[in-house]
Amino acid sequence: MTVGSPTAPQPQFPSGAAYAEALQHTQLCFRHPELRGARPDLTKLGLPRAISGAFASVFSLTSATSGQRYAVKCFTRYVPDQERRYQAISARLARLDQAELSQPWNLGFEYLPDAISVGQQRYPVLKMEWIEAVTLSSWLDDNHADRFAVDRLADRFAALTRDLSQHEIAHGDLQHGNLLVAGDDTLRLVDYDGMYVPDLAGLGGTERGHRNYQSPLRGNDDFGVELDRFSAWVIFMSLKAIAADPTLWNRLHQPSGEFLLLTEEDFSSPGGSTGLQTLLTHPDQVVSGLADRVRSLAFQPLELLPPLSDAIPKQRTAPTASTTPTGPAAVPSGSAGGLPGWMMGHVPPQAGPTPTSAPNTSPDGFRGRTALDVVTALLWPLLLAMAGVLLMAGLPLPTAVAGAPVAAALLLTAFTRSRRVERAQARDALAGLTQQLGRLDDPVKAAEKLRKEKEKFEAAESKRSAAYPKEQDKLTARYHAELKEAEQRRVRKQRDIDKKIDGLTEDLRKALTKALTDKQNAYVRDRLGRRLIADSPPHGIGPTLAARLAAAGVRSAADFTGYRTVHNNSFNSTGAVLVLSNGRLVNVSGIGEAKAIALDVWRSDVVASAVARQPKALGSAERQQIEKGVARRRAQLTDQRKAIEPATEALRAKARKQLDDGQSRLSREHTLAGEQAGRQRQEFSRRTVALQHNSALHSGLSASVDAVRVRRQGLSYARYVQFLYTGR
């Protein structure tokens, strides 16, 4: 069977064990010439050896014709648009120039629809090159102590991600099991089920990747060039950490664990992660810096994550595996930029708050005395001296007059202070900052509003995503119900017609019997009609009675069937009436019981004579006519039976068309909704970044306002008086 579109009914695929059983007879289950009769690798029990995953089982087969060894992937679960996806991926990989790649990481494959037969159905397989290599985790088990080799592999992994990024390809599930290390320590990338290439833009993802390598924010609808960004950072960090400190492999990795150094829980709950804290506090700045980077990336939307290829220079020499830092000291995560020093220049700078247009600084104090300041400084002691003289003179002056010089000194100082440019600058700076701060939304309220909107959106998306397969199931259920009804109708009609056909033999027998009976009855009636009572009257019936009988309608033996006795109460006697052929009773004068008996006996003798001479069989022409009629009926029924299957097939086609139309409609609606959801998530991401920007700006403006207010204290009245005489 060929896998259909994303909205096609999801078929049930065989299990790995069912495939293994079928592969015991490759000459029967395969059509492909390279695979027919191929020899599978066997277990100790003699069964084909399977490498099983979530969606497929992979078998190693050696072609009987070419001797080439292949990895054959047999799918155990439905993947939407499987054939279309593999065709697009194959076409994109085929266009890659191998000479431009950092290493031969891509493997050739061929998608074969309807390739393998399991039971009564056929299923697709993926025929891939076989590569002698080990998984990344197995390679690290054997080589983690070789710092140079691990560091070199980290650089090769970074180069591989650069290849993918430059060609707008995303693997979708970068993890230890899908990264193989060949004998020359170069990498091979396997399992292209969830790969993204530009020709698949607009389709949804088929998987979410290994949970221990994916961002906590990766969703079901994420499918684009950014899929590998988080997992690339995780793997690169792990390799660099092991290269710097090989003991980390045994300290943080579990034997046969489905991760390298960190797991899903370390990303989703970094505060309680022992493994992440071990890396964050590691003395090697490369290790701690990368760990801090991964921690910060875990809570950013995928589309905002920087590609690993942007962080690694294209040409670099492998550093020595030393734990002694050689670069500048790491910058704390809370400092400007938030990046360790060793990464400066390798990671695109993050946008900081936009500088404000209004003045945001004010002088720390008064600077540079003006002529008005000098005059004030000279007048101040003179006015005070004048007030002292007035007081010492003892003149009877009002208090207001005596204090006038002091008041004048104070007012003069206040006036000259108000004319200082520093005061105007501080006032303008505070007004400008306050105005800008007032235009910004409260970061806490804005963040809470955004959080609620995202929760509402994600709840609606979850509901929509959950409803999509249910709607598919409804369409599929209705389709199967219509197929079942059509099949039941077909069986019912065929059974009814078969019964009629089977009954034609009995119908023929009955028709022949009836025809013979009708022929015999007609012969007897004819003979009875020919025996006239007047020609051969019974005993005791003379011409007079014969004439009376004829007048009553009884002329021959065919005109009556018998008699009935009647009792005459008036004369206490018994008489008789004749029963005509039509059932009517007739009383003939002169025909009593005795003569009626004589007539009945005479008729019985005539009947017996006619029956003895009646035909014993039908003629050949009569028989053939009846047989031809039955044959025509058999042909009609046979034609009706043959017409049932086309009519049933028409019903099946109608049901299938309704299913396809419904699935196409669902697919369009789902695709449009997914695209709209993607745009909404991008809008949320934009708002998140804007919120972070505004929050930083709000914090900076608030700090500037506080700073201006503190600086205004240096422009107080007392500080101005001090400035008048000290100049500072």
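Arg492 lies in helix H16 (residues 443-502); helices (H or I, at least four residues) are DSSP runs, numbered from the N terminus. The model is predicted, so local features need pLDDT of at least 70 and side-chain atom pairs count only at pLDDT 80 or more, while totals for chains, interfaces and linings use all residues. Residues are numbered from 1 along each chain as its sequence is written, and side-chain values use heavy atoms, with hydrogens and water left out.

**Charged patch**

- Arg492, Lys493, Arg495 and Lys499 form a positive surface patch (residues with over 30% relative accessible area and no salt bridge, like charges being joined within 9 Å).
- A salt bridge here is a side-chain nitrogen of Lys or Arg within 4 Å of a carboxyl oxygen of Asp or Glu.
- Arg492 counts as partly exposed, at 41% relative accessibility (buried is under 20% relative accessible area, exposed over 50%, partly exposed in between, with a 1.4 Å probe and protein chains only).

**Cysteines**

- The count of disulfides (pairs of cysteine sulfur atoms within 2.5 Å) is 0.
- Cys29 is in no disulfide, and the nearest cysteine sulfur, in Cys74, is 8.2 Å away.
- For Cys74, the closest cysteine sulfur is that of Cys29, and the separation of 8.2 Å is too far for a bond.
- Cys29 is buried at 3% relative accessibility, and Cys74 is buried with a relative accessible area of 0%.

**Gln285**

- Gln285 belongs to helix H10 (residues 285-297) and is buried, at 18% relative accessibility.
- The C-alpha atoms of Gln285 and Ala241 are 10.0 Å apart, and the two residues are 44 residues apart along the chain.

Note on methods: Helices (H or I, at least four residues) and strands (E, at least two) are DSSP runs, numbered from the N terminus. Patches are made of residues with over 30% relative accessible area and no salt bridge: like charges are joined within 9 Å, nonpolar side chains (Val, Leu, Ile, Met, Phe, Trp, Tyr) within 5 Å. Accessible areas come from the Shrake-Rupley method with a 1.4 Å probe; for residues, only the protein chains shown count as cover. Lys and Arg count as positive and Asp and Glu as negative; His and the chain ends are not counted. The place of a charge is taken as NZ of Lys, CZ of Arg, CG of Asp or CD of Glu.
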